Amino acid sequence: MKTTITNILASTPIQWVSRIILGGIFIWASIDKLAHPAAFADIIWNYKILPEAFIYITAVTMPWMEIVAGICVLAGFMKRAGAVILGGLLMLFICAISFNLARGLDFNCGCFSTTGQEGGSDPVSLLIRDILLMIAVTAVVFFSKQKEAGKINA
Amino acid sequence: MKKLWIQILIILLTSVVLGLVYNQFSAKPLAVFSIYKSDTNTDKATGEDLTAYFTEMDAETLDGLRETGTIIILDARIPEKYGTAHIPGAVNLPIASFDVSYEATAHLMTEGKSLVLYCIGEHCIDSSLLARELYKKGHREIFVYKGGIEEWQAMGLPVQTPEGIEEQPGLQEEQDHENHDH
């Protein structure tokens with residue numbers, strides 16, 4: 001059973017689909033943030049987690065982490081490192097959303113748009129989406145290496 | 001394993017450098033090492049000053065006017081948030097779907113009635129953006145309650161929830177009560 005799941009996650013189609021979904025979504029998500037950094041800073045502030053001194057630097061650098069790591073995952077160049085970073089960002093989003101969900105705070109997720117004109121801003125759907133993306137991260141980080149090393153029969 | 005950590009570091013450093021360089025050469029660079037300050041009077045996408053479209057109104061004035069029939073209160077947040085809790089009598093006009101929502105609510109905005117807009121709170125820009133859209137539609141008596149639903153609830157003023165109208169003790173009231181106890 002364990003071997004079957006491992007083989008599925010390490011298979012070429014799953015690896016490709018995971019990389020395309022993961023890289024594609026993060027690159028797409030970064031575009032609007034790059035275009036409107038001040039609006040993204042407002043959204044980060046609204047999560048009420050980060051000290052105010054770190055909000056602008058996060059607003060300026062986080063979209064580039066998404067785009068650079070996303071390109072690495074898509075292109076297959078340092079893809080595991082890229083996937084680890086995207087996984088880290090996803091964990092951050094999961095914690096931030098859960099924290100605000102528990103506090104009952106009213107916030108704009110800012111995942112794909114800084115204007116709030118996006119669907120699926122319900123915190124529970126956001127959490128489910130991020131958790132599903134973590135499966136793609138797991139496939140790329142833990143199973144692409146095994147596939148490359150020939151430890152698994154695809 | 002060591003190679004992986006080096007690659008992670010390379011990606012992170014590249015991102016930080018690219019972010020700082022891109023910000024430096026952008027039309028409106030952020031002061032990255034300064035303390036965050038919210039500006040809800042400027043359209044972040046265009047840089048337009050929105051204060052020309054509205055006058056600010058405080059909670060006391062709004063509370064005094066809300067049952068006089070002279071104003072229409074408009075909630076600029078998304079319907080899900082409006083449904084959870086809103087100022088009693090407020091109509092939902094989400095900025096996110098302005099064109100559709102305006103068609104459905106325009107008949108309420110009769111001549112002689114002022115429009116009072118609000119969103120989440122003092123750091124929310126949606127009510128200022130909504131003021132601009134309403135101005136473009138020909139409305140002129142537009143007010144924005146900057147404190148938004150957060151301040152309104154914190155002050156203990158009544159809110160409409162799915163369960164009915166609720167009046168919670170405000171923070172100020174709670175503090176006064178605690179001081180009294182001491």
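Biologist: Leaving aside its neighbours within four places in sequence, which residues is A:V137 in contact with?

Modeller: This is a predicted model, and in it A:V137 belongs to the largest nonpolar core, where A:V137 is one of the residues that touch the most other members. Once the neighbours within four places in sequence are set aside, the contacts of A:V137 are with A:L22, A:A83, A:L86, A:G87 and A:L90.

Biologist: Which helix of chain A gives the most to this core?

Modeller: The core has 41 residues, and A:L22, A:A41, A:A69, A:L86 and A:V137 touch the most other members. The elements that give two or more residues to this core are α1 (2-10), α2 (12-35), α3, α4, α5 and α6 (123-149) of chain A. With 13 residues, the element that gives the most is α4(A).

Biologist: What pattern does chain A follow when read along the sequence?

Modeller: Chain A has 154 residues, of which 45% count as buried. Its secondary structure comes to 6 helices and 0 strands, and read along the sequence the pattern of chain A is α-α-α-α-α-α.

Biologist: Is A:M78 buried or exposed?

Modeller: A:M78 is found in the loop between α4 and α5 of chain A, and its phi is near 55 degrees, a positive value in a residue other than glycine. A residue is buried if 20 or more other C-beta atoms lie within 10 Å of its own. Because A:M78 has 22 other C-beta atoms within 10 Å, A:M78 counts as buried.

Biologist: How does A:K48 count, given its 13 C-beta neighbours inside 10 Å?

Modeller: A:K48 lies in the loop between α3 and α4 of chain A, and although A:K48 is not a glycine, it has a positive phi of about 55 degrees. Because A:K48 has 13 C-beta neighbours inside 10 Å, A:K48 counts as partly exposed.

Biologist: Which element gives the most to the side of chain B that touches chain A?

Modeller: Between the two chains, 31 residues of chain B are in contact with 32 residues of chain A. On the side of chain B that touches chain A, α1 (2-24) and α3 (79-84) of chain B each supply at least two residues. By class, this side of chain B has 18 nonpolar, 8 polar and 5 charged residues. With 12 residues, the element that gives the most to it is α1(B).

Biologist: Which elements of chain A are included in what covers the buried residues of α1(B)?

Modeller: Helix α1(B) has 23 residues and reaches 33 Å from its first C-alpha to its last, close to the 33 Å expected at 1.5 Å a residue. Its buried residues are B:I11, B:S15, B:G19 and B:N23. What covers these buried residues includes, from chain A, α3 (37-46), α4 (55-75) and α5 (79-103).

Biologist: Why is strand β2 of chain B largely enclosed by the rest of the structure?

Modeller: Strand β2(B) is joined by 5 bridges to strand β4 (residues 114-118) of chain B, and these two run parallel, with B:I72 standing opposite B:L115 in β4(B). Another 2 bridges join β2(B) to strand β3 (residues 91-92) of chain B, again in parallel, where the bridge partner of B:D75 is B:N92. Strand β2(B), residues 71-75, is largely enclosed by the rest of the structure because its buried residues number 4 of the 5.

Methods. Residues are numbered from 1 along each chain as its sequence is written. Chains are lettered from A and ligands numbered from 1 in the order in which they are written. This is a predicted model: local features need pLDDT of at least 70, side-chain atom pairs count only at pLDDT 80 or more; totals for chains, interfaces and linings use all residues. A residue is buried if 20 or more other C-beta atoms lie within 10 Å of its own, exposed if 12 or fewer, and partly exposed in between; C-beta atoms are placed from the backbone. Two strands pair if DSSP finds at least two bridges between them. Two residues are in contact if their C-beta atoms, placed from the backbone, lie within 7 Å. Ala, Val, Leu, Ile, Met, Phe, Trp, Tyr, Cys and Pro count as nonpolar, Asp, Glu, Lys and Arg as charged, and the others, Gly among them, as polar. The expected span of a helix is 1.5 Å times one less than its number of residues. A nonpolar core is a set of buried Ala, Val, Leu, Ile, Met, Phe, Trp, Tyr and Cys residues joined through C-beta atoms within 7 Å.
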